[in-house]
Amino acid sequence: MPDAAVAARSSDSTNSGTTQQVDVAVVGAGFAGLYLLHRLRKAGFSAVVIEEAGDVGGTWYWNRYPGARCDIQTIDYSYTFDSELESAWQWSEKYATQPEILRYLGFVADRYELRRDIRFRTKVTAANWDQSAERWRLTTDNGAGISCRTYIMATGCLSAPKPPEIDGVKDFKGEIYFTGRWPHDEVKLAGKRIAVIGTGSSGIQSIPLLAEQAAHLTVFQRTPNFALPAHNGPAPAERRALLEGDRTTYREQARWSLAGVPYPQQMAVSWQLSDAERRERFEQAWATGDLVYILTQLWADQGVDVNGNALLADLIREKIRDVVKDPETAEALTPHDHPFGAKRPCLDTNYYATYNRPNVTLVNLRQEPITEITASGIATDKRNFDVDVIVFATGFDAMTGAIMAVHPITGRDGKSLSDVWANGPQTYLGLTVSGFPNLFMITGPGSPSVLSNMAVSIEQHVDWVVDRLAAMREAGFTTIDATETAQAGWAQHMADCSMMTLHRLANTWYTGANVPGKAQGVMPYTGGVGPYRSICNEVVGRGMLGFKLSGPDVAEQCNDGEVVRLQPDVRLVLGMLVEMNLPQIEQLGAQGARDFLTEFNKGRPAGRPVGEVGDGVLHGADGLLSYRLYRPATPGPHPIVVYFHGGGWVLGDEQSDDPFCRDICRRSGMIVVSVGYRHAPEHRFPAAAEDGYAATRWIAEHAAELGGKPGPVLVAGWSAGANIAAVTCQLARDRGGPQIAGQLLICPVTDCRFDRPSYTDNAVGYFLTRSMMFWFCDIYCSPADRTDPRASPLRGNLANLPPALVATCEFDPLRDEGIEYAEAMAAAGVPVEQLQARGHIHTSLMMVDVVVTGVSGRAKMAEALRGFAGLPRKLEASGEEASPIAVNAAAG
Ligand code: N01
């Protein structure tokens, strides 16, 4: 239906008695509610919007404090659903002011004649699901109740202001204002003594303007925040040209980006850049004045690795010290308690410089907490501050406040949403809650929401919901409810995602920490806007996976399951591999496959620096073999780990697992010697196995020359390399040495058979395929050789082997034989630890600085190696929490 026709048509709601009957009721007439109403009408649904305010605008209606602006560039913070609307409105500034954004939303409401279906100055006082009628019954504080098939919360994430939580507020005789509920009439502040409590975005935006008017401004700061200069002005011409040059591509890139703004994934990692290069990137970002840019574009590890993040945070701290003249004030304003970006950073105009004004005082509440508010001002445990005005910039009960606390919502079987969410919000996709049929949330907890450009996330949610409602109507379904399995799976996926970024390391409103007594946990989805969009699409593509659909005249439909079982970064990697349309390795021939692997490995992040990397040759079973040695930066001698690379006995060499060898060297504080053993088909079984054994013996005998600690060595390997490591342990036991203190087997081949369930479950789709393993085994050894324990160590004698850590991955054809080997060794009396990596694939643990969720697994491996060597399991100051190809994001 053309937009003009939609505008001319109002929703066809009816009043039966005192109840308004509609298909859909929406709470909130902000960015989300307005677009929702437009889309619902266009799809032919009758709809009403209930809005507490006197007009449209949502957050931009209420937050009228001096200095209120958006901090995502306005050309990105706009509706994109109608190109005519885009052409009809020109933003005047890079970051529009609150009045301009409110005018824009009013313009949108007028253009599509939305106001006539909005009930202003009305609050929903209760919402109950009526099971027999399969409708929501709403009561309101102003006019008729509402009966609707579908109830949608477009309430915004930051719309329920937090109470002051300070005693004595009622005693204060002066004026009190909340930034989140700023009066509509002019507030006269000139010449007054003003106090501001709070230094989040609202405080930081308002403080410079309040200081210009005040006789004196006193800022009460509990936690300093990172703020970056906005460099506001006209919308940057370059960005505008980019948008106007190809609007469709620009908008589409935003939709598939990580933060909802079209910036690419940054690939360079901090340790590949020199100090000067990092500073240059930083200064350029500082001059750009763009939050998303500085949050995502400096280096790939800035948002996911504490060390990579600290490099950036230090540069920002330097800037604060440069601007603020009084060193004590500068120090008080400098954040040290959270990684940059883990708490929502702010964009400012003259914020830090404001503290150089003679009429501004900063009170550090960490040193002198507020004890009470008195009739004349604010008392700390050290001083009294007499003021005329107190501005509370103390924030919101974010994400859940407006949905849960504003009115009781009662779902199926009388379940209350407050009870269901007592320990934190439970949702499926951040859109729905199991047991609350036909209830949707726009940008709810569990969706990218505040970690994204809200405009992009709102449009995606609205489109998804309205498209589903239309499809249900088409198919005759009248109710939709998420299953508990799907919801629990989403909670797991959320938890997995939260391990990829640093948000979990800060006490913020993202985690509920700002509200006393609120359940704690990262509430927004940290996996990124594009990945989230693809998951929502996948749910639809898989027959509304995780939803129960029913209707009076159709059979119930329920494709139950979890939409994402892979770790989030593994899912991204597999997606990228699919897009690369890689050849089937087993069809390339051995040399073709080797060439392919060499090329492929060029694209991965280089490993991190270690103390020294050196190459040499050693004696194998039948001649010289190359090796590469990785030495820690710490003083030696260090225990030695003999390492065997993966590659199905056919591919790879002593350098092909380079990032992993570096990582394990750094984490364990041990020398790693990676051995270039002989490969099939040139050298078939048992060449690789015998080389493994001979190399281990040679390294043990030459430990001192290699700078290592004489005595037992350790062995480790991945895939076919883990097969060689396992075989080496058996041969060393049977052939009188060398002494091996422990074995680390990562996704080992232990039995050359292909009939275990993991071979069937994971036959294709997870990089290592069943047919690839067939091919490797065929090249390496004949069927008759496969019963030899040097090919299939599971068939050997497992008693008296060195202690082992066996790591297996859930989505790996080799999973079951690895677990079986661990269990069989344990049954034979060998001390065995297992690491079963949930949601991982065969290559996950090797993909250093790509699969961030593999970090904890590698940390455990290093600990186990240290334990085998008789060292304390934790290496002092092992530091990094690994990094890239992941996400950090911003909000708007
Ligand atoms: O709220 P906040 P906000 N005693 O929670 C302090 C968005 N936004 O309204 O950190 C003393 O960030 C509290 O201290 P602490 C944006 O997403 C966007 O500023 O809890 N102090 C903190 O300093 C933003 O993140 C724009 O220790 C108390 C401050 O009050 C979100 O809204 C503009 C206290 C609250 O900061 C919220 O921002 C504005 C107490 N009892 C907002 N209680 C844009 O530019 C709290 N504090 C788009």
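**Notes on a predicted model**

1. The model is a predicted one.

2. Now the sheet around that pair. It is open and has 8 strands, in the order E23-E24-E26-E25-E27-E28-E29-E30. The pairing is mixed. From one strand to the next, the twist averages 20°.

3. Which strands stand at the edges? They are E23 (612-620) and E30 (832-841). Each has a single partner strand, so one side of each is left without a neighbour in the sheet.

4. Helix H22 (residues 687-701) packs on this sheet. The strands it touches are E23, E24 (623-631), E25, E26, E27 (713-718) and E28 (740-746). The direction of H22 makes about 115° with that of E23.

5. Helix H26 (residues 815-827) also belongs in this picture. It lies across E28, E29 (804-811) and E30. Relative to E29, H26 runs at about 150°.

6. Elsewhere, look at strands E21 (residues 547-551) and E22 (residues 554-558). They run antiparallel and are joined by 3 bridges. The link between E21 and E22 is a hairpin through 2 residues. Lys 548 stands opposite Cys 558 in E22.

7. Next, a helix pair. The axes of H9 (residues 275-288) and H11 (residues 306-323) come within 11 Å. They cross at roughly 55°. H9 and H11 are therefore oblique to each other. Their crossing is right-handed.

8. Which residues make the contact of H9 and H11? From H9 come Arg 278, Arg 279, Phe 282, Glu 283 and Trp 286. From H11 come Leu 311, Leu 312, Leu 315, Ile 316, Glu 318 and Lys 319. By class, the contact has 6 nonpolar and 5 charged residues, with no polar ones.

9. Last, charge pairs. Side chains of opposite charge can pair when their charged atoms come close. How many salt bridges does a search of the whole structure find? The count is 57.

Terms used: Residues are numbered from 1 along each chain as its sequence is written. This is a predicted model: local features need pLDDT of at least 70, side-chain atom pairs count only at pLDDT 80 or more; totals for chains, interfaces and linings use all residues. Side-chain values use heavy atoms; hydrogens and water are left out. Axes are lines fitted to C-alpha atoms, for helices over the stretch in contact, and angles run from 0 to 180 degrees between N-to-C directions. Helices (H or I, at least four residues) and strands (E, at least two) are DSSP runs, numbered from the N terminus. Angles under 35 degrees count as roughly parallel, over 145 as roughly antiparallel, 65 to 115 as roughly perpendicular and the rest as oblique. A crossing is left-handed if the near helix is turned anticlockwise from the far one by less than a right angle, and right-handed if clockwise. Contact means heavy atoms within 4.5 Å. Ala, Val, Leu, Ile, Met, Phe, Trp, Tyr, Cys and Pro count as nonpolar, Asp, Glu, Lys and Arg as charged, and the others, Gly among them, as polar. Two strands pair if DSSP finds at least two bridges between them. A salt bridge is a side-chain nitrogen of Lys or Arg within 4 Å of a carboxyl oxygen of Asp or Glu.
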